[in-house]
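My entries follow in the order I made them.

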Amino acid sequence: MLQNKSFVKKTRGGKIQKQVRELYLRHDIPCGSHACGSSCDRAAARLPADAGTVLVLDTNVVLNQIDLLENPAIDNVVVLSVVLDEVRNKNLAVFNRLKALCTNTGRNFYVFANENFKETNVIQMVGESPNDRNDRAIRVATRWYQGHLAGNSKILLVTNDRENKRKAIEEGLSAETVESYVRSLGRPELLDLVVLPTSEDATMMDVEDLRPSKRKIIYSEHKPMSEITSGLLHRIYHQGKLRVNRYNPFEAYVGSESIGDEIVIHGRSNMNRAFDGDIVAVELLPQDQWHEGESSIIADDEDDEEDDVHLAPSSADDAPRSINQVQHAAASTLTVSSRPVGRVVGIIKRNWHSYCGSLEPMPMPAGHGGTAHALFVSKDRRIPKIRIQTRQLDNLLDKRIIVVVDSWDCSSRYPSGHYVRTIGKIGDKDTETEVVLIENDINSRPFSAQVLACLPPLPWTLSPEDLAKPHRLDLRDVRVFSVDPPGCTDIDDALHCTRLRNGNFEVGVHIADVTNFVHPGTPLDEEASQRGTSVYLVERRIDMLPKPLTEDICSLRSDVERLAFSVIWEMTPEAEIISTRYTKSVIKSCAALSYVEAQARMDDSRLMDPLTSDLRNMNSLAKIMRLRRIDRGALTLASAEVKFQIDTETHDPLDIGMYQIREANQMIEEFMLAANVSVAEKILKHFPLCSLLRRHPSPTKEMLEPLLRTATSVGLDLDVSSSKRLADSLDHAVGDDPYFNKLIRILATRCMTQAVYFCSGDLSSSEFFHYGLAAPLYTHFTSPIRRYADVIVHRLLAAALEISKLPPIFQDKAQLTNISDNLNYRHRNAQMASRASVELHTLIYFKKRPTDAEARILKIKSNGFIVFVPKFGIEGPVYLMPRGEKGGDWVVDEAHQRIIKAGTNTSFGVLQTVMIHLEVVEPQPNRPKLELSLK
Amino acid sequence: MRGLQFPLNQTQRVRLQSALQQLQDVASKSTASVTVADTIPVSNEDGILKGHGTSELNGEVVATLCGVVERVNKLVYVRSLRSRYKPEVGDIIVGRVIEIAPKRWRLEINFSQDAVLMLSSMNLPDGIQRRRTAVDELNMRSIFEENDVICAEVRGFQRDGSLQLQARSQKYGKLTRGQMLTVPAYLVKRRKHHFHHLQQYGVDLILGCNGYVWVGEHVEVRENDMVVDQKNKLDETQVQSLVSFETRQFVCRIANAVRLLAALGFALLVEVIVDTVEASVLSNVAIKDMLGAEFYVQTAEREVQRRLSLMKRRS
Amino acid sequence: MEHVDPLTGFRQDGRRVNEMRQIRGEIGVVAKADGSAQFEMGNTKVIAAVYGPREVQNKNQQINNQALVRCEYSMANFSTGDRKRKPKGDRRSTEISLVIRQTMEACILTHLMPRSQIDIYVQVLQADGGTRSACINAATLALADAGIPMRDLVTSCSAGYLCSTPLLDLNYSEDSAGGPDVTVGILAKTDKVTLLQMDAKLPMDIFENVMQLAIEGCKAIANYIREVLGENTKELEYRRGS
């Protein structure tokens, strides 16, 4: 084992520091091939003995062609550690995919630690750039392989770097470009996956459509990174995340911390090839160009003027139309606004990922089966069209496909990308649902065999051993019941309420004991932690845990003995908690009620059975608790949840309506909140550094701004100085109609931040506060079947009670933070997916039945307003004038949030009720949308 | 490595290495060196006595020092190498006065504690055996002052554990006109004689058992001359205060020879020292060059020859 | 940061999880001292010098039935990347001085050298993680060189727990990752623990694994140290001649 020292200079906190790191070069690194003739260790060998060709990949191949690599046709690959490192530094997402490939036992990808191997380690020479050094390292490793596996396998270096390829061939290695290699495989469908080189390398591709004379710069060149960095330092440029307006893809905002305000960006040319979510550097335009930005547009979002789509990628006449649009807008509304307007000068970090959508319909090109250029239209309106090349055009035209963006050259109007895979036929409900899932990164694959192997044998019954455990309390003789939405199969909570002799109540909340079956570190646990949460779509549920657990073993159904984790309070009739007990238990639920049933029992004064009186007792306790909570300042917010009635045969929505909230719902909610708070206190006391809690940050002044503006315009005075004050003033906001209050609450909800999970060690205790519930501590404990956070909390609680040991993962703060980040991400995605699913079904519903409905105006824009339809929970824009036309004779009154038609009395104000017509239109093929118009 | 630091050229390095290798080959194989915590093999039936540097652990004799296992009849002990001096009664040592305390001098002798030389175990300058008076006590500084180098003999340990010296002989006493050298104590072997009068050079060499070596101008020991006139003595010292240049050179030469041998880690035997000095004179090596690379290697080679001839003579 | 590459199983510096850095020990690097040694664990370099047993300097500290052991730990200003002047006797060095003193005291047969004092000076010349362990190993070598009687050889090694794996002998970048770091010192022959430090929480079963790994590291170091000492002793002896 030879030792070598590498010297690295590194800046930390502005200082230049010399860091010396050791590097041990070894002799004992196996080549990973079964064909190896020497004494390499075969234990970790991945490459089969009969591998004809072994591929060594260059970094650029991995970075650009990861979709191709994921195709099983590419196999017997050596991934060098130098390549892995480079990929990790350049693109973490690609790195993770490559990592998954390398660990997948089904694929023959072998990681060769060339940097640690004596014979393949390469030291950077004087005057050699790091890139050249890495290229040389790749060649050295390839040569070593060639010598090592001589005669047994052919070693092929795959690189798209011309220089590297030339040098490799000079050194006597066989090297090919990706394209020529894929061609040699003789499978044309693979060629679609090959990312074509960008125009800098354009000479390498066969370019019949390249017309140099007509190539013209459409977008301004991005500034080099060094200039951006210094510009940011001197506050000439501003950094921020670009967010594209949902209703108008030609308008975007960049939230800049250096300005403390959002910078508006108009038009594609000012957006300068930035995608939604990119971190960009923005330059402010001179103030006289700051035209009235904010309310100017809910512009036409479809660029359907571009009927004559130019498929040749780089024709100059493809200049974004929006330039004119912007100028037009600027001319028409010369009122200089206070909102800064800017343009993107550089992109600091791309947010490119894969997009779902379809191809723009086009006539079949003459040469059948040949390469065709097509424009891809993403489902997400914020994403511009993407130019792709395909050889299977006829196949793809009516399909939903996934496409990845590769590059966006400043001389091409659209970004270019490549096809990844097909989801299914357009318009098919399953396909569209799949799209929703993919867009939100939700894993809906069935559980793997390893995961299912972790399940206890079925049918599961309570075993005497479970009962014999000293920590498990036998509560089977207690009258426990559950209340859930109708048709609920994954019942994870149940309750009981017994009057004690001293007049107090014993109230218990029993939560399915999922951690008794899901043990840390098992594949089942890993999978659940990855999924994070169950996802509820309109017609389907994607479980976090396999069905036997969610619907049988853990589900607290009636009349079966189930394991539970219980929180039991003793409460006075005034709902004061006297004592709290936590225990694992065995329960036998006597009734699984639905909310409606429970409500009906409580309301029916004739019923005097013990269960009903329990319900009533609980309800009265819950009411007191609720009042007390509201007194503390908890907000009662409202959301526009809707409910579909689904046809059992066709799974098409039959009816749509708002979700009704009953007293019974609130009763259950109250006890769940109480249980969560009690558990949060307990685990934080025992594990102050590694508890998983949930917090809800107070909204900032800026976030509440829109709410206040709306409120003022209707003459309402809201006090937002604290949650308590806000709650009070929301209570007093009673308008002339019953729905007014709810509307205000909906608006208030919109202004709130998201509640998030966090690891208690990451934040100071003052930040633990849950604003919405006005609780100093909160966590999720009550739904372990459908949320992984609750599983973690169960484990924490069990460890706090010394029932079980704390799994090692809690020692690793970084990992815990990772988990909580993942949970937040999954939680948000699950919500988005539910919403998207609702939207999808709304579309299906209205497709057949154009409807008229009452709507409320939420927001005034310059050419229309955004309305909310309470009956269906739909929100959308209403245009007052035909698209393309700006301003017209409508004038916006900013102070009163009104839009007035000049010269007439017609005006619309915020929160006003209007009648609208709902109808599904398809202005662009394959992009149906619900259009709202004034009745 | 400790010792002399100088660059050796290629041939010198090879010569040195081969010389050292030969020394290793010559060395008797019977000596068993041990390191800390090594088990010393013993046959238990003999009923052995555990001596210095050993302890017992789970019925095994275990070394607590790095060194060489020595067995004398039933006694098993570890003779340590590089360590501080371990006094034995009768050892002749060279030391340095560091403190004058009531009725005693404290001497630094490379032991774990300072040694004590009582005024009572010291011959008075006038040579008369009598009780020490308070006046004597006040005049102690006129006999030995701080930093004086003294030669004495180990008398024994007091009950309180302190080490007592005595200097009740004319050959002991203050050492002047010369240099004191410090070498590792293990290089000085206990011999019959530690005082050496090298007549050919007119130099006294005292190899103190504690690793302190004195090289100085020869002083006649006047056993009989007990009564010396105070005045007369003063004159004498004044006359002698100029050591001849030649003697000084020899003192330096011998001192360098000792330094060189110590640096090589060779035992300091008077014959070897004299040999080295003679060799340096013969080959006209300047005094300062005695500590140079070439002579270093030569000395190593000479030692090899010496040991080889010794072996031959023995066999 | 990934401290163990999950794909290759190597750490950042090319070691496997249970491999130590290269160790090297040299005896007799300080001429004046009674015993001295330099010990290297990879890029961590430590020098130790032992003086004594000698007369106790401060008479009221003298112990009548055993030796007084003192230890001073310091870090050279140039030992780390940023060259800043560190105040002498800061909390960290005071603590490490104490740790080394207690560890060494446990193996020195102090009762054999009553009323004397042993000074151990250790200085870090180059710091790259595991200085504590390197100091203890250097001190052991220096004490053995000084011929101070010892019960056994004390050796020390650290192990950490990162990326859910126990790692032997953390270097600086691994050490500063913030995971638990267990420093163990053992008496090599008798397998007794004389030092055990960790300033983090670990579950018992994992801790045992980590500690076991560190103990194995200690044993490997002990074998090496024994070798170095044995060679040194042999050389001194044959050079001296019989």
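I began with residues 53-166 of chain A. This span is 49% helix and 16% strand. Its end C-alpha atoms lie 20 Å apart. I checked the record for a name: UniProt lists residues 53-166 of chain A as "domain: PIN", in an unreviewed entry. I note that I am reading a predicted model.

Next I looked up how chain A is divided. I found domain 1 (2-194), domain 2 (216-426), domain 3 (449-692 + 778-830) and domain 4 (850-934). Domain 3 of chain A is written as two segments, 449-692 and 778-830. I then took the centres of domain 3 and domain 4 of chain A over C-alpha atoms; 42 Å separate them.

Then I turned to the contact of chain A with chain C. I count 24 residues from chain A and 19 residues from chain C. Which elements of chain A supply at least two residues each to the side that touches chain C? I get β2 (15-25), α3 (81-90) and α4 (92-103). β2(A) gives the largest share of that side, ten residues. By class, the side of chain A that touches chain C has ten nonpolar, six polar and eight charged residues.

I stayed with chain C and went back to the record. UniProt places "domain: Exoribonuclease phosphorolytic" at residues 19-149 and 152-217 of chain C, again from an unreviewed entry. I looked at residues 152-217 of chain C: 27% helix, 39% strand, with the end C-alpha atoms 17 Å apart.

My last entry is a helix pair in chain C. I picked α1 (residues 91-105) and α2 (residues 131-145) of chain C. Their axes come within 10 Å and cross at roughly 45°. The two helices, α1(C) and α2(C), are therefore oblique to each other. I read the crossing of α1(C) and α2(C) as right-handed. From α1(C), the contact is made by Ile96(C), Val99(C), Ile100(C), Thr103(C) and Met104(C). From α2(C), I list Arg132(C), Cys135(C), Ile136(C), Ala139(C) and Leu143(C). I classed the residues of this contact as eight nonpolar, one polar and one charged.

Note on methods
Residues numbered from 1 in each chain as written. Chains lettered and ligands numbered in written order. Predicted model: local features only at pLDDT ≥ 70, side-chain atom pairs only at ≥ 80, totals over all residues. Axes fitted to C-alpha atoms, helices over the stretch in contact; angles between N-to-C directions. Helix = DSSP H or I, 4+ residues; strand = E, 2+ residues; numbered from the N terminus. Parallel < 35°, antiparallel > 145°, perpendicular 65-115°, else oblique. Left-handed = near helix turned anticlockwise from the far one by under 90°. Contact = placed C-beta atoms within 7 Å. Nonpolar A, V, L, I, M, F, W, Y, C, P; charged D, E, K, R; others polar. UniProt positions renumbered as here; feature names shortened; annotations may be inferred. Domains from an automatic or database assignment.
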